Amino acid sequence: MPNMSLKKNPMPSQDPVERAKNFNEVALGYTKEMAMDEAQRCLNCKNRPCVGGCPVQIQIPDFIKKVSEGDFEAAYQIISKDSSLPAVCGRVCPQETQCEKFCVRGIKGEPVGIGRLERFVADWHNENVKEAPVKPESNGHKVAVIGSGPSGLTCAGDLAKRGYDVTVFEALHTAGGVLVYGIPEFRLPKAIVKKEVEGLKELGVKIETNTIIGKTVSIDELMSPEFGFEAVFIGSGAGLPSFMHIPGENLKGVYSANEFLTRINLMKAYREGADTPIKHSKAVAVVGGGNVAMDAARSAKRLGAEHVYIVYRRSEAELPARKEEVEHAKEEGIEFKLLNNPVEILGGEDRFVNGIKCVRMELGEPDASGRRRPHAVEGSEFVLDVDCVIIAIGTTPNPLIKSTTEGLDTNAKGCIIADESTGKTSKDMVYAGGDAVTGAATVILAMGAGKAAAAAIDEALK
Amino acid sequence: MYRIAKRQDLNPTVIRLSIEAPMVARKALAGQFIILRVDEDGERIPLTIAGYDREKGTVDIIYQVVGATTEKLKQKHEGDYLQDFVGPLGKPSELEGLKKVCVVGGGVGNAIAYPIVKALHEQGTEVTTVVGFKTKDLVILEDEFRAASSRLLLVTDDGSYGEKGLVTEPLKRLLESGEKFDEVITIGPIIMMKFVTKTVEPFGIPCIVSMSPIMVDGTGMCGGCRLTVDGQTKFACVDGPDFDGYKVDFDEAIDRGSMYKDFELRKREETCNLFKAEVK
C-alpha cells in the first residue's frame, strides 16, 4: 500500500540561525526510516515520466522500489548503472525541473523526493560498502582528460573501467573543478568529491594537478609521440567570469562570484587563521539569481555580514537557482531585491565600495528565452548601502584551449562545437563536453556528456 | 611536490630559488610567471620567472620577503619541497625585432627585468639597463645585468651606491641627450612604472609595463587581477602581464593592490611570531 501523504518527508536540516554561522552541510540527509517511508510514496507508474526527465535516464522507479524494500545496495547498483556521481547529483541536481517535475505525485501534492532518495542511497553506500577496487585489465590505449570537474571525472571513470590508461589534467592544485572551487562546503562537502577522486585513482586513473592545458602543454603535444595520447576529452568548464561593465566595477570590495567562492571553497579563506584573505563585510549585494548567486550570498552571510541582498533584474518566478537553494537562502535571512538592476557601484575616497545604485525594473513581453523581458522604470534609481558587491551573472568558457589548439572550432560564445551524442569536435580524436560545450549548465548534464564521450572514444579506439 | 634544487640569498630579503619543475621549464619564456603554494593550506602567490634551464628542468624565481607567504617560503632551503608550482602563465614579453631597448627596473622588480635583459641580449639587441634600489645592501644581480647590458646605470635612493636618485633621472638624461630606443620596458613598483611612462611619453617611444596585481588562479578564472587598460577591463594573468604603459590606469591598479593591506600586515606579524616561537 503506497504512502499517500501529499507532502515529501521533510529533509532534516541544520537550524537556519545556527547554520548561517557555519560552513557545515545544511541538509543532513534522510534516516533509513524516512527514506523507506518516502520511497513508499512512489506509485511505480508504468510510463515512468520521471526517467524521461533525468538527463542520464536513471531507472528511478526501480531504485526507489529497492529503497522501499530496504535493499539499499541494490538501489545503489541501479543508480550507478547510469550515474557515476550519485552523492553529488543527489545534492546539487535541480530535481524540480528534471525528474521530480514529471512525477505523477506532483500533480496533486508534492512529487516524490527523488533527489533526497538518491542522496540517501549514495551516502548509505559510501558509509556501509567498502568496495575492493577492481583495477580493470589494461587495453593499452592512452586517453587524456582535460579538467577534473563533473564531465572529466565521469569520462575518466568510464574509460578506466573499460581498461584505458587515463590521465586527468587539472589546472588548479586540487581535483574536482567546480565541485571544489565553486560549490560551497555547506551544500556539497568536499570529502564527497575527494572520495570520488580517490575512487578514480583506485581504478588506475592518473591525476596531474597544476597542469594548464594550453600553457604547460598543448593538446597537439599531448597527441604527439612524446606524450602518446590517442584521444583527448576536453571538460574544461566555463570558468571565465562575466562582468556587468558598469562604473565602479573595479573598486575594492567588488568580486566576481568565481573569485569570492574560490577564495572560500578552494582556498578555505573562511577558516580562522587561513593564509588566503577574504573581505569580511557588513552588507553585501550579490548581483544575479542563479545557484552561484545563492552560494555567494549564503557564504557572505556565513562570513558574518549583517545584510546580504540578492539583486536580480527579473522576478522570483524567473530565478534560475534551484528552488531549495532559494528557500534555504531565505531561511538564512538573505534579502531578495527582485526586479532591480544595478547601474553603478559607488565608492568612497578610500576606493572601497560604499554603495550600489540600482534601478527598478518591470517585466514586459517574453524574450527569446521565453522569460518576460525586464525594462527599467525611469527615475526609479536608489542606492543600497553595501561595502561589498559580488557579481554572479554567469561565466563563459576559458579561451585558453581554443586559442592554443589548431582546428578546434568554437561558436560565437566561445563554446567548443561538439556533437551532442558523442562529444566529437572538429578536431580528429578530440572530444568535448560539459560547460566548455554548453556554457554554464548543470553537473548532471556535464556528467552525461562525459559518459557519452567515453562511449564514443571507446568506440573509436577499440 | 616540487624540490628546491638551489637557494641563493641575494640580499637580506631577496632570495633566488631554482625549482625542479620540468614541465614548466620546457615552456617558460621571459615575461611569464608561475603560481606557487608553499604548503598544504598555503595561499597561491604569483611570481615572475627569473630564469630557467630546460635541460636540468629547473625554473628560477626571485622573491622578496614581504608577507606571510614569502616569510614561510624563506624557511625553505635546498632539498625542501614546495607543495604546488604551476606555469608558465601569462603571455611572454614580445621582444622580437627589437634592435635597441632601454629596460628600467626598480627594487625586486629587477628580478623580473633580468630575464628580459638577458633574452634581449641573447637575441642581439642593444640593451641599456637602468636599475634602481633603495640602498646599497639591497642591490641584486649587478654582475648579471652588467654582463647582459651594453650599458648599466645603477641608482640608489640614498646614494649609498651608484648614482643618488630615482630611475627616472638617468632615463630622462638619456632620452634628452637624443638616445633613440625602439622601446622602453619597465618593471617595478606601480608608482615607479607610472612615472617612467610619464618620463618616456614626450619622446614618443613605446613604453611597456609589467603588471603584477593580486590574483588567485592565474588562468582567467577569478578576475581578481583585472586592470583598466585603454578604458577596457583586462585580466593581467591572461591578457598580460605586459601592457602598453600609456593605456594602463595606474592609480586604479595601486588602489586595487592595497585591497588586503591590513590582512597582510597582521598575517605577516603572526607568521614571524610563529617562527620566532619555534626558534625559542
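This report describes selected features of chains A and B in a predicted model.

**The parallel sheet of chain A**

Chain A contains an open sheet of 5 strands, arranged in the order β3-β2-β1-β4-β16 with parallel pairing. The edges of this sheet are formed by β3(A), residues 206-208, and β16(A), residues 430-432, each of which pairs on one side only. From one strand to the next, the twist averages 20°. Helix α17(A), spanning residues 443-461, packs on the sheet and touches β1(A), β4(A) and β16(A). The direction of helix α17(A) makes about 170° with that of β4(A), which covers residues 231-234.

Within the sheet, β1(A) and β2(A) run parallel and are joined by 5 bridges. In this pair, A144(A) stands opposite T167(A) of β2(A).

**The paired strands of the two chains**

In general, the strands of a sheet pair through backbone hydrogen bonds, in either a parallel or an antiparallel sense. Chain B supplies an antiparallel pair, made by β14(B) and β15(B).

The strands β14(B) and β15(B) form a hairpin with 2 residues between them. In the turn, D230(B) has a positive phi of about 55°.

**Helix α14 of chain A**

Helix α14(A) comprises residues 323-331, and its buried residues are E324(A), E325(A), V326(A), H328(A) and A329(A). These buried residues pack against α13(A), which spans residues 291-302. Helix α14(A) is followed by G333(A), whose phi is positive, near 95°.

**Overall form of chain B**

Chain B has 9 helices and 16 strands. Its radius of gyration is 18 Å, close to the 19 Å that the globule rule gives for 280 residues, so chain B is as compact as a globular protein of that length. Taken along the principal axes, the C-alpha atoms of chain B fill a box of roughly 55 × 40 × 40 Å. Of the 280 residues in chain B, 49% are buried. Among contacts in chain B between residues at least 6 apart in sequence, 64% join residues at least 24 apart.

Conventions
Residues are numbered from 1 along each chain as its sequence is written. Chains are lettered from A and ligands numbered from 1 in the order in which they are written. This is a predicted model: local features need pLDDT of at least 70, side-chain atom pairs count only at pLDDT 80 or more; totals for chains, interfaces and linings use all residues. Two strands pair if DSSP finds at least two bridges between them. Helices (H or I, at least four residues) and strands (E, at least two) are DSSP runs, numbered from the N terminus. Axes are lines fitted to C-alpha atoms, for helices over the stretch in contact, and angles run from 0 to 180 degrees between N-to-C directions. Two residues are in contact if their C-beta atoms, placed from the backbone, lie within 7 Å. A residue is buried if 20 or more other C-beta atoms lie within 10 Å of its own, exposed if 12 or fewer, and partly exposed in between; C-beta atoms are placed from the backbone. The radius of gyration is taken over C-alpha atoms; the globule rule is 2.2 Å times the number of residues to the power 0.38.
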